[in-house]
Amino acid sequence: MAETLALDVGGTKIAAGLVADDGTLSYATTRPTRGDQGAEVVWSVVAELIDDVQAHAESPVRAVGIGSAGPIDARAGTVSPVNIAGWRGFDLRDRVAAAVPGVPVRLGGDGLCMALAEHRFGAGRGTASMLGMVVSTGVGGGLVLDGAPFAGRTGNAGHVGHVVVDPDGQPCRCGGRGCVETIASGPAMVRWALAEGWTPEGPDADARALGKAAEAGDPVALRAFARGTRALAAMIASVTAVCDLDLVVIGGGVANSGALLFDPLRAALREYARLDFLAGLQVVPAELGGQAGLVGAGVLAGLG
């Protein structure tokens with residue numbers, strides 16, 4: 001049975017795999033992005049992964065799906081990830097097409113791919129309209145509206161990490177100010193907690209350590225999570241009001257905190273989402289974990 005070659009390009013790592021029609025991965029592998037070493041070095045990682053995956057395919061792949069950190073330009077096939085400095089207008093789709101000739105290649109944002117995977121095979125099965133989100137080192141997202149992916153004019157619809165929730169807030173790496181990512185991402189919560197006097201018990205001052213401190217009752221860590229979840233709730237309420245969503249699915253490292261994230265988030269949503277048509281909104285954890293990017297890229301490739 002022919003499979004789809006899927007790529008998931010991020011600032012820290014790049015994943016590649018073979019995706020079947022039922023969303024299963026027969027093979028998957030990852031390598032560091034090496035984003036600080038220039039455009040061609042990052043491309044060499046992608047090229048090596050493509051060769052590796054094709055060597056493990058039992059038959060020629062039928063299509064290629066690419067989910068990339070953004071911004072992207074889906075029409076031109078280029079990507080300019082904020083966290084891969086050397087890739088500005090990088091012609092990723094054409095490079096991949098040349099490496100895997102004779103099959104269709106489709107490019108989408110990594111947030112859209114996550115949303116597609118959860119909609120087809122995960123927590124969003126059977127849902128008409130949903131936002132899929134990743135809350136980790138950044139805040140990303142993608143939209144499925146009326147059962148179909150909504151990529152927007154350039155392919156960047158659903159880029160919810162840059163919804164402004166504090167007009168007078170901190171500068172964001174996107175060039176704006178007060179984006180939800182400046183408050184609710186893992187590194188943002190850690191920075192705030194450290195500035196407020198949190199002292200990690202171990203050598204690592206990261207989101208995992210902050211989560212453990214919050215679970216242990218550390219008051220600063222708990223305030224950091226409360227502050228982050230309120231920002232997320234404000235953003236979710238706004239996006240839901242615009243798009244009339246049924247469901248929000250949240251994955252990523254910070255979302256792995258479980259009740260520590262979801263309980264205060266749902267409580268804050270009850271304050272922000274007061275219109276009648278927002279009352280039925282459900283917010284649930286993602287089901288597919290780290291596989292969602294590759295699975296969603298495979299779904300994207302099968303859309304034609």
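**Reading a predicted model: a dialogue**

Author: With 304 residues, a compact globule would have a radius of gyration near 19 Å, and this protein, seen here as a predicted model, agrees with that rule because its own value is 19 Å. Along the principal axes, its C-alpha atoms fill a box of roughly 55 × 45 × 30 Å.

Reader: How many helices and strands does the protein have?

Author: The protein has 9 helices and 12 strands. Among contacts between residues at least 6 apart in sequence, 62% join residues at least 24 apart.

Reader: What share of the residues counts as buried?

Author: In soluble globular proteins, nonpolar side chains tend to be buried together. Here, 49% of the 304 residues count as buried. The protein exposes about 13,300 Å², and carbon and sulfur atoms supply 50% of that area.

Reader: Which residues of the largest nonpolar core touch the most other members?

Author: They are Met133, Leu210, Leu232, Ile236, Val248 and Ile250, in a core of 44 residues. Elements that give two or more residues to this core include strand S8 (130-135), helix H6 (207-215), helix H7 (219-243) and strand S11 (247-251). The largest share, 11 residues, comes from H7.

Reader: With which residues is Val248 in contact, leaving aside its neighbours within four places in sequence?

Author: Val248 is in contact with Leu131, Met133, Ile236, Thr240, Leu281, Gln282, Val283 and Val284.

Reader: Why is helix H9 described as largely enclosed by the rest of the structure?

Author: A residue is buried when its relative accessible area is under 20%. In H9 (residues 292-301), 10 of the 10 residues are buried, so the helix is largely enclosed by the rest of the structure. What covers these residues includes strand S1 (4-9), strand S2 (13-19), strand S7 (105-109) and helix H3 (110-121).

Reader: Where does a cis peptide bond occur?

Author: Most residues other than glycine have a negative phi, and most peptide bonds are trans. A cis bond joins Gly70 and Pro71, with omega about 10°. Pro71 lies in the loop between S4 and strand S5 (72-73).

Reader: What is the phi of Asp146, and what is that of Asp244?

Author: Phi of Asp146 is near 50°, a positive value in a residue other than glycine. Asp146 is found in the loop between S9 and strand S10 (148-150) and is exposed, with a relative accessible area of 71%. Asp244 has a positive phi of about 55°. Asp244 lies in the loop between H7 and S11 and, at 46% relative accessibility, counts as partly exposed.

How values were computed:
Residues numbered from 1 in each chain as written. Predicted model: local features only at pLDDT ≥ 70, side-chain atom pairs only at ≥ 80, totals over all residues. Heavy atoms only, no water. Helix = DSSP H or I, 4+ residues; strand = E, 2+ residues; numbered from the N terminus. Rg over C-alpha atoms; globule rule 2.2 N^0.38 Å. Buried < 20%, exposed > 50% of the residue type's maximum accessible area, 1.4 Å probe, protein only. Contact = heavy atoms within 4.5 Å. Areas by Shrake-Rupley, 256 points an atom, 1.4 Å probe, with all protein chains shown as cover. Core = buried A, V, L, I, M, F, W, Y, C linked by side-chain atoms within 4.5 Å.
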